[in-house]
Amino acid sequence: MQRIVIVGGGAGGLALATQLGKRLGKKGQAEITLVDAARTHVWKPLLHQLAAGSFDTHAEEIEYLAQARWNHFKFRLGRLEGVDRAAKTLQLAASHDEAGREITPAQQLGYDTLVIAVGSQTNDFGTLGAAEHTIKLDSPQAAKRFNNRLINACIRAQTVPRSAGSGRLTVAIVGGGATGVELAAELHASAKVLANFGFDHIHPEKDLQIVLVEAAPRLLAQLPERLSDAALRELRKLAIEVHTNEKVVEVTENSLKMASGKVISSSLSVWAAGVKAADFLKSLGGDAPLETNRLNQLVVNGNLQTTDASIYAFGDCAACQQPDGTWVPPRAQAAYQQAMYLVKALPRPQRGEPVSPFVFRDQGSLVSLSEYSSVGSLMGSLTKGSFFIEGQLAKIMYWALHKQHQLALGGWKKTALITLSEMIDRTYRPRIKLH
């Protein structure tokens with residue numbers, strides 16, 4: 001029986017394990033194993049909401065063990081430490097609890113086909129003080145840590161007399177990409193709710209100052225300019241301070257220093273600029289490491305195979321060049337498309353069937369501005385290009401992306417029940433997490 005091991009339980013990795021489990025694991029045609037260092041999954045595009053406390057983590061988290069049981073694959077807790085390509089084994093580091101007690105020992109796991117889907121992490125570009133004084137919003141753990149600090153800062157600000165004026169609490173966000181823009185709007189919305197739960201000193205315009213800093217000439221630099229302009233317009237309506245063409249060169253405990261000489265005070269700083277793959281990928285494979293690029297991404301061919309034909313990689317941790325010379329972007333929709341491609345492609349070599357190369361189809365981009373608005377550009381053959389959307393239609397489309405993810409993991413029945421429970425929750429739970 002073919003042993004397929006998937007490392008990384010993000011949106012792409014978990015969807016791949018789930019679909020392969022249903023198609024191959026259930027029929028006994030392959031043994032599917034998912035490996036991850038955490039025990040639960042949170043959809044990464046929701047991290048800004050988790051950081052702001054505007055959704056219930058317990059309702060959104062998916063237990064890997066339960067998902068594996070329901071979908072005919074196995075789950076192993078552990079962090080990938082190395083791969084022995086000759087012996088076709090991978091090494092998992094021991095896992096420990098918060099007190100340092102060992103949960104699982106270091107272990108080896110054999111494979112016939114290995115799929116690396118470990119995602120990416122925030123790249124601070126070696127900026128002085130960034131590692132020590134900012135929270136990098138690239139994991140559920142980091143998002144929860146930010147939320148804890150935010151609530152503590154609000155409680156601290158609550159003790160300051162009203163006469164102290166505005167700006168008692170300043171949140172600085174470095175990075176004007178989708179994560180930074182979405183977090184800024186979400187924080188403003190959360191501050192409005194906080195005022196209704198005893199935090200009467202945290203007015204979203206008077207007492208909470210949100211500052212967004214971007215090194216490029218405009219926000220959302222990788223997306224169409226019209227989308228960028230719409231996002232900036234909405235943020236300015238919310239009195240969010242936006243600085244473009246400003247490169248951060250140093251972060252201190254209570255400030256950001258720019259290359260221009262400008263200094264921005266900050267009570268809490270978030271780094272949401274730039275991505276790279278994990279450093280350990282550079283040496284993956286031992287004496288004969290797999291090929292990587294300057295961002296540590298594994299270089300793959302059109303079939304998503306690395307320089308070792310039995311090892312695949314996809315999502316943010318992989319660099320895949322398209323026939324037209326462009327590179328597949330590190331976006332959630334790309335990881336999802338690649339996962340669905342591998343669901344069909346991985347069994348083909350075992351059956352002696354040819355495999356066609358992966359082709360990324362850009363379906364556009366959507367950016368959520370919390371309850372206020374959403375903006376986006378959609379791609380389609382009917383328009384022969386892209387068309388701009390915003391407001392309620394864009395919000396519905398953004399919501400539909402989350403539902404697509406839930407469908408891939410749980411099917412129609414479970415997604416319908418989850419949606420119903422979300423509607424019920426809104427009637428009796430506070431709109432933000434207060435602890």
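Are Tyr 341 and Phe 358 buried or exposed? In this predicted model, Tyr 341 is buried, and Phe 358 is buried too. The two belong to an aromatic pair, and pairs like this are a handy way into the fold.

A pair of aromatic rings is described by how far apart the centres lie and by the angle of the planes. The count here comes to 2 aromatic pairs. For Tyr 64 and Phe 75, the ring centres sit 5.0 Å apart with the planes at 25°, so this pair is stacked; the cut-off for stacking is an angle under 30 degrees. Tyr 64 belongs to helix α4 and Phe 75 to strand β5 (residues 74-77), so the pair ties together parts that are 11 residues apart in sequence. Both Tyr 64 and Phe 75 are buried. With Tyr 341 and Phe 358 the ring planes stand at 70° and the centres are 5.6 Å apart, so that pair is edge-to-face. Here Tyr 341 comes from helix α9 (residues 332-345), while Phe 358 comes from the loop between α9 and β25 (364-369), and the pair links these distant parts of the chain, 17 residues apart.

Tyr 64 turns up again where two helices pack. Helix α1 (residues 11-25) and helix α4 (residues 64-71) run with their axes 8 Å apart, at an angle of about 25°. The two helices are therefore roughly parallel to each other, since angles under 35 degrees count that way. On the α1 side the contact is made by Leu 14, Thr 18, Gly 21 and Lys 22, and these meet Tyr 64, Gln 67 and Asn 71 of α4. Sorted by class, the contact of α1 with α4 has 2 nonpolar, 4 polar and 1 charged residues. Tyr 64, then, takes part in the α1 contact as well as in the stacked pair with Phe 75.

Next come some loop residues. Asn 296 sits in the loop between β21 (275-276) and β22 (298-300). Its relative accessibility is 5%, so Asn 296 counts as buried, the limit being under 20%. The side chain of Asn 296 reaches the backbone oxygen of Ala 277 at 3.0 Å. Setting aside neighbours within four places in sequence, Asn 296 is in contact with Lys 276, Ala 277, Ala 278, Asp 279, Leu 281 and Lys 282.

Most residues other than glycine have a negative phi. Lys 88, however, has a positive phi, near 55°, and lies in the loop between β6 (79-84) and β7 (89-93). Leu 220 is not a glycine either, yet its phi is positive at about 50°; Leu 220 is placed in the loop between β15 (208-213) and α8 (225-237).

Arg 145 and Ala 51 are 94 residues apart in sequence, but C-alpha to C-alpha they are 7.7 Å apart in space.

Notes
Residues numbered from 1 in each chain as written. Predicted model: local features only at pLDDT ≥ 70, side-chain atom pairs only at ≥ 80, totals over all residues. Heavy atoms only, no water. Axes fitted to C-alpha atoms, helices over the stretch in contact; angles between N-to-C directions. Helix = DSSP H or I, 4+ residues; strand = E, 2+ residues; numbered from the N terminus. Parallel < 35°, antiparallel > 145°, perpendicular 65-115°, else oblique. Contact = heavy atoms within 4.5 Å. Nonpolar A, V, L, I, M, F, W, Y, C, P; charged D, E, K, R; others polar. Phe/Tyr/Trp six-rings, centres within 6.5 Å; stacked < 30°, edge-to-face > 60°. Buried < 20%, exposed > 50% of the residue type's maximum accessible area, 1.4 Å probe, protein only. Polar contact = N/O pair within 3.5 Å; in protein donor to acceptor, adjacent residues only side chain to side chain.
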